[in-house]
Amino acid sequence: MEAVNNLEYYKVFYHAARAGSLTVAAGELHITQPAVSQSVKQLETALGVKLFARATRGVRLTTEGERLYGYVAKGYEQIALGEQKLRQMLNLELGEIHIGASDMTLQFYLLPYLEQFHEQYPEVRVVVSNAPTPETLLNLQENKIDFGVVSTPFDNRSGLQANIVREIEDVFVAGRKFMQYKNRMLDLQELERMPLICLEGATSTRSCMDAFLRKNGVLMRPEFELATSDMIVQFALRNLGVGCVVRDFAQEYLEDGRLFELRFNKIIPKRHFCVVTDPKSPLSVAAEHMLRLLPG
């Protein structure tokens, strides 16, 4: 028995066996009845066995044909199911996106676009890995996520593609206990005498501020090192120290006067949110649509 490399023969065999008619199979496949007969004959010749016998109406499977059909049907139906699922993915009726984002990029940039995408494509599952920038970049390099939304600065030696989407600004904020610093132009060195509240070390926000202050001869020795910027703001509201955060986290309290921003004679460099992708890894249709929603 020869190996049959032409899957088209099995496709014709499947339709003919299921319909019990070469004519009906020809109609389903949009080919002529003689073409169906020829394909069946070539398959039988290659396998060295009769697959069909004539019946009162149409054809019926032989014993050998029945055995073969049991296997062919499973394979063909799985292929058809695969094609159906693929069409659903292309139409965004099915699929999954994996995104990496920090608390900050999620809250102050990504969240409304996730909501918009979910409203448009409710059948697509969106998985967000919540992690600091260094971990998000590592996940992207290891193909654990489709893209990441991170804050600068970051090490981009791996050839990732970064698209700037928003400007952000780091500030030092304080409550009423520290009113002596309000409306004064301060020297950065004065931070060494203040009880500071900062993020833990493994974040781009903390690394960036440490580097800026170190460049200006200031060593930051925080009184509190916390896991989230939201908690830094809460500590500052309770006068436990001077908080170092991205302005967005404290904006509400700066506007209503419960916190104020410290001013310095050196400008703290602005940073950015970036959408980061790996050009070496092709994106799914769903991920491409999600990226098209993001401005910038």
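This is a predicted model: local features need pLDDT of at least 70, side-chain atom pairs count only at pLDDT 80 or more; totals for chains, interfaces and linings use all residues.
Two strands are taken as paired if DSSP finds at least two bridges between them. In general, the strands of a sheet pair through backbone hydrogen bonds, in either a parallel or an antiparallel arrangement.

E7 and E11 belong to an open sheet of five strands, arranged in the order E10-E9-E11-E7-E12 and with mixed pairing. Its edges are formed by strand E10 (224–226) and strand E12 (260–261), each of which pairs on one side only. Helix H9 (residues 247–256) packs on this sheet and touches E7, E11 and E12. The direction of H9 makes about 120° with that of E11.

A helix–helix contact was also examined. Helix H1 (residues 7–19) and helix H2 (residues 22–29) pack with their axes 8 Å apart, at an angle of about 125°. Angles of 65 to 115 degrees count as roughly perpendicular and those over 145 as roughly antiparallel; H1 and H2 are therefore oblique to each other. The crossing in which H1 passes H2 is right-handed. On the H1 side, the contact is made by Lys-11, Val-12, His-15, Ala-16, Arg-18 and Ala-19, while H2 contributes Leu-22, Val-24, Ala-25, Glu-28 and Leu-29. Classified by residue type, the contact of H1 with H2 comprises seven nonpolar, one polar and three charged residues.

Two features of backbone geometry were noted in loops. Most residues other than glycine have a negative phi, and most peptide bonds are trans. His-30, located in the loop between H2 and helix H3 (33–47), has a phi near 60°, a positive value in a residue other than glycine. The peptide bond joining Thr-152 and Pro-153 is cis, with omega at about 0°. Pro-153 lies in the loop that runs between strand E5 (147–151) and strand E6 (161–168).

Confidence was considered over the chain and by element. The mean pLDDT of the chain is 90, and 97% of its residues reach 70 or more. Confidence in the chain is lowest in helix H4 (residues 63–90), where the mean is 85, and highest in E12, at 98. E12 is also one of the two edge strands of the five-stranded sheet and one of the strands touched by H9.

Definitions and conventions. Residues are numbered from 1 along each chain as its sequence is written. Side-chain values use heavy atoms; hydrogens and water are left out. Axes are lines fitted to C-alpha atoms, for helices over the stretch in contact, and angles run from 0 to 180 degrees between N-to-C directions. Helices (H or I, at least four residues) and strands (E, at least two) are DSSP runs, numbered from the N terminus. Angles under 35 degrees count as roughly parallel, over 145 as roughly antiparallel, 65 to 115 as roughly perpendicular and the rest as oblique. A crossing is left-handed if the near helix is turned anticlockwise from the far one by less than a right angle, and right-handed if clockwise. Contact means heavy atoms within 4.5 Å. Ala, Val, Leu, Ile, Met, Phe, Trp, Tyr, Cys and Pro count as nonpolar, Asp, Glu, Lys and Arg as charged, and the others, Gly among them, as polar. pLDDT is the predictor's confidence in each residue, from 0 to 100.
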